[in-house]
Amino acid sequence: MTPDDMKREAARAALTHVESGMRLGLGHGSTAKHFVDLLGEKVRDGLRVLCVPASEFTHDQAQGLGIPLTTLDETPELDLCVDGADEIGPNLSLIKGGGGALLREKIVAAAAQAMIVIADDSKVVPTLGRFPLPVEVTPFGFGATRVAIEKAAAKLGLSGALTLRTRPDGLVFVTDGGHHILDCHFEKILDPAALAAGLSTIPGVVEHGLFLGYAKGAYVAGNAGVRFIGPA
Ligand SMILES: O=C(CO)[C@H](O)[C@H](O)COP(=O)(O)O
């Protein structure tokens, strides 16, 4: 199986949690894209769901597939959210935001009773941080925010480059919410909760990609098939 096949199989497994009448949050990224494709097939076959997409990309994909959409203003509470992740660590702690949608993804996940993660098995790690932690920041005060993040990280013994995310054409990446992303190369985040708490106190930080306590389970696909990781 290619990594993309694995992503699709993980997405297919998560579909077993979807029942008619559910209000769903749809994530963003190449694995979430498979889930939306498969969900679209089910909707065409008669499944009734109402979905909130976590990105403009997912919105357009879902709309094109005829999946009924709503917003968190019309439908503030969701039954289930299905999304990918960049890393899955101990106790279903996650790093997300590689696709740049972390703020909306977290808002959608927080509105859902349960979040199920879908991924290929390369995403499972013993310690979070090898994947650079995305931190969404306001363009205003960028320099000061960057220094504040460095200081908050240093208090926990973390250092490493903080890279302003750019697009393939070299322009600065702008999120759906109009913010920038600093990718923080911390390598080993031994205390994610302390880092999350530290980042949350910085005014210019809109949100960070540590998703702690959100996921209720993860479908992880590898060459041997799909396995479910549940809460510890
Ligand atoms: O957090 C995300 C987007 O902001 C994605 O879920 C994460 O980057 C995983 O992406 P992919 O499924 O393409 O590997």
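The shell around the ligand is made up of four nonpolar, 10 polar and four charged residues, where Ala, Val, Leu, Ile, Met, Phe, Trp, Tyr, Cys and Pro count as nonpolar, Asp, Glu, Lys and Arg as charged, and the others, Gly among them, as polar. The model is predicted: local features require a pLDDT of at least 70 and side-chain atom pairs a pLDDT of 80 or more, while totals for chains, interfaces and linings use all residues. Residues are numbered from 1 along each chain as its sequence is written.

In total, 18 residues surround the ligand, and the closest are Gly29, Thr31, Gly84, Gly98 and Gly99; a residue is near a molecule if its C-beta atom, placed from the backbone, lies within 6 Å of it. Helices α2 (30–44) and α4 each contribute at least two residues to this shell, and α2 gives the most, with three. Helices (H or I, at least four residues) and strands (E, at least two) are DSSP runs numbered from the N terminus; the chain has six helices and 13 strands.

Glu105 is listed by UniProt, in an unreviewed entry, under "active site"; UniProt positions follow the numbering used here, feature names are shortened, and annotations may be inferred rather than shown by experiment. Glu105 lies in helix α4 (residues 102–111). Glu105 counts as buried because 32 C-beta neighbours lie inside 10 Å; the cut-offs are 20 or more other C-beta atoms within 10 Å for buried, 12 or fewer for exposed, and partly exposed in between, with C-beta atoms placed from the backbone. Leaving aside residues up to four places away in sequence, Glu105 touches Gly27, His28, Ala54, Asp83 and Lys96, a contact being two C-beta atoms, placed from the backbone, within 7 Å.

The chain is assigned domain 1 (3–124 + 212–223) and domain 2 (133–208), with bounds from an automatic or database domain assignment. The centres of the two domains, taken over C-alpha atoms, are 24 Å apart. Contacts link 13 residues of domain 1 with 13 residues of domain 2. On the side of domain 1 that touches domain 2, α4 supplies the largest share, four residues. That side of domain 1 comprises five nonpolar, five polar and three charged residues.

Along its principal axes, the C-alpha trace of the chain spans about 55 × 40 × 35 Å. Of the 232 residues, 45% count as buried. Among contacts between residues at least 6 apart in sequence, 76% join residues at least 24 apart.
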